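Subject: Handover of a structure for your study

Dear colleague,

Please find below the sequence and the structure that I am passing on to you. My findings follow directly after them.

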Amino acid sequence: MAVKKLSKDKVGEALKELMKFRLVAPAKSDDVVIFKQISDPAEAYLDYGNSAVPPKKMVFPQTETLFRFVTGEPELKEKNVEEEGQTVIFGMRPCDARAMSIVDKLFDWDFDDPYYQKRRAMTTYVGMACTEPPSVNCFCTSVGGSPFSTEGLDVMLTDMGDYYAVQALNEKGEKLTETIASQLEDGGDEKKIEEMAAAAAGKIKRSIKTDGISEKIPTLWDSDVWKKVSASCLGCGTCTFLCPTCHCFDIQDEVEEMGEGRRCRMWDSCMFSEYTLHASGHNPRPSRKERTRNRVSHKYSYFPSKFDDIACVGCGRCINMCPVNIDILDILEQVVEA
Ligand code: SF4
Ligand code: SF4
């Protein structure tokens, strides 16, 4: 589909049209930007760097009830994901969209997860190209991405000054742009977008060489490097909870009233000491050293060896938000040198 133009003074009208779906967009919340469902175009904050929490939670919620039960009753009240309706995530960054392609691989692998897959099928991803790096710690270009990557997206928007260039990338994207057809005009400048993409990639300052890293990491199982790089870790889990590709979860049954309750799924973190604690009391990852080794190995070795993709998109959130400044690029550099 040819590149269209969405004039900035028509964005509000376009968002209103899109509110016939569950519309999720970046919005200010105190000092940070988060993705949330909006009911007024004025809530959307499109001139943002990147959100504090990735939009992953709209498809893979932090806590989700899978079904409700009543003791003695054989029927379970299973969650009906369809009730949530079609969702549009508007204005997500290319790294976060690539991250969803990575998470898709897990939920469509040895077990087809019906909750995730239904919600994923009902969601359209509208991206916002990064004309400027959202953070000094972005390194998407080292891990297969770029500031204008369209992987995982259905529609891409590019800020061209007084308008957004709108590119539908597949059938789902074309359907969505039909919804806002009356706000779109012809004449988006494809050549200028290509030039902007090359310029934006050149502004990413941090990098890491990933050649051979997947094979090297398992050879460092007993290396002192893990103790060194994890020495100051607090085990708070921030790096995993804010990561757009992390996908670990726990399942728990909660009794809310006598005999009635729910089974829910909630995010978990391999940086927590209880994550691998066995019922016997044995813990195969008893210290920060083993947990950090696992976090880095999972992203840069185990996941690539199974799915042929590094499970890190270089968004930089774990670096920006770690309370003790642990930096995954520093860790990887030490791994390369070890
Ligand atoms: S955010 Fe930092 S301190 Fe917290 S678990 Fe991750 S590496 Fe450790
Ligand atoms: S590991 Fe860090 S840089 Fe990589 S995707 Fe996760 S939060 Fe972003």
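In strand S12, arginine 262 is the bridge partner of glutamate 254. This pair belongs to the antiparallel pairing of strand S11 (residues 249-257) with S12 (residues 260-267), which extends over 8 bridges. Two strands are said to pair if DSSP finds at least two bridges between them. Helices (H or I, at least four residues) and strands (E, at least two) are themselves DSSP runs, numbered from the N terminus. Strands of a sheet pair through backbone hydrogen bonds, either parallel or antiparallel.

Please note that this is a predicted model, in which local features need pLDDT of at least 70 and side-chain atom pairs count only at pLDDT 80 or more, while totals for chains, interfaces and linings use all residues. Residues are numbered from 1 along each chain as its sequence is written, and chains are lettered from A and ligands numbered from 1 in the order in which they are written.

S11 and S12 are part of an open sheet of 4 strands, in the order S5-S4-S12-S11, with antiparallel pairing. Strand S5 (77-78) and S11 each have a single partner strand, so one side of each lacks a neighbour in the sheet.

Strand S1 (residues 4-7) has two pairings. With strand S9 (residues 163-168), S1 forms 4 bridges in the antiparallel sense, and lysine 4 has valine 166 of S9 as its bridge partner. With strand S10 (residues 184-186), S1 forms 3 bridges, again in the antiparallel sense, and leucine 6 stands opposite leucine 184. The covered face of S1 holds Lys4 and Leu6, and the uncovered face holds Lys5 and Ser7.

Next come the domains, whose bounds come from an automatic or database domain assignment. Domain 1 spans 4-202 and domain 2 spans 213-337. Their centres, taken over C-alpha atoms, are separated by 25 Å. Domain 1 gives 32 residues to the contact and domain 2 gives 25 residues; two residues are in contact if their C-beta atoms, placed from the backbone, lie within 7 Å. On the side of domain 1 that touches domain 2, strand S4 (63-70) and helix H2 (94-107) each supply at least two residues. That side has 16 nonpolar, 10 polar and 6 charged residues. In this count, Ala, Val, Leu, Ile, Met, Phe, Trp, Tyr, Cys and Pro are nonpolar, Asp, Glu, Lys and Arg are charged, and the others, Gly among them, are polar.

The residues around ligand 1 include Cys233, Cys236, Cys239, Met271 and Cys322, and its shell has 9 nonpolar, 3 polar and no charged residues. Ligand 2 is surrounded by 13 residues, the closest being Cys243, Cys312, Cys315, Arg317 and Cys318.A residue belongs to such a shell if its C-beta atom, placed from the backbone, lies within 6 Å of the molecule. The shell around ligand 2 has 8 nonpolar, 3 polar and 2 charged residues.

Which residues of helix H4 (residues 171-179) are buried? They are Gly173, Leu176 and Thr177. A residue is buried if 20 or more other C-beta atoms lie within 10 Å of its own, exposed if 12 or fewer, and partly exposed in between, with C-beta atoms placed from the backbone. The arc is that of the directions from the helix axis to the C-beta atoms. Glu171 and Glu178, on the other side of H4, are exposed. Among the elements against which the buried residues of H4 pack are S1, S9 and S10.

In helix H11 (residues 328-337), the buried residues are Ile328, Ile331, Leu332 and Val335. They fall within an arc of 95° seen down the axis, so they line one face of H11. Their cover includes helix H6 (213-219), helix H7 (225-230), helix H9 (288-307) and helix H10 (317-321).

Finally, some loop residues. Most residues other than glycine have a negative phi, and most peptide bonds are trans. Aspartate 30, in the loop between strand S2 (22-29) and strand S3 (32-37), has a positive phi near 55°. Aspartate 30 is exposed, with 7 other C-beta atoms within 10 Å. Aspartate 308, in the loop between H9 and H10, has a positive phi of about 65°. Aspartate 308 counts as exposed, with 9 C-beta neighbours inside 10 Å.

Yours sincerely
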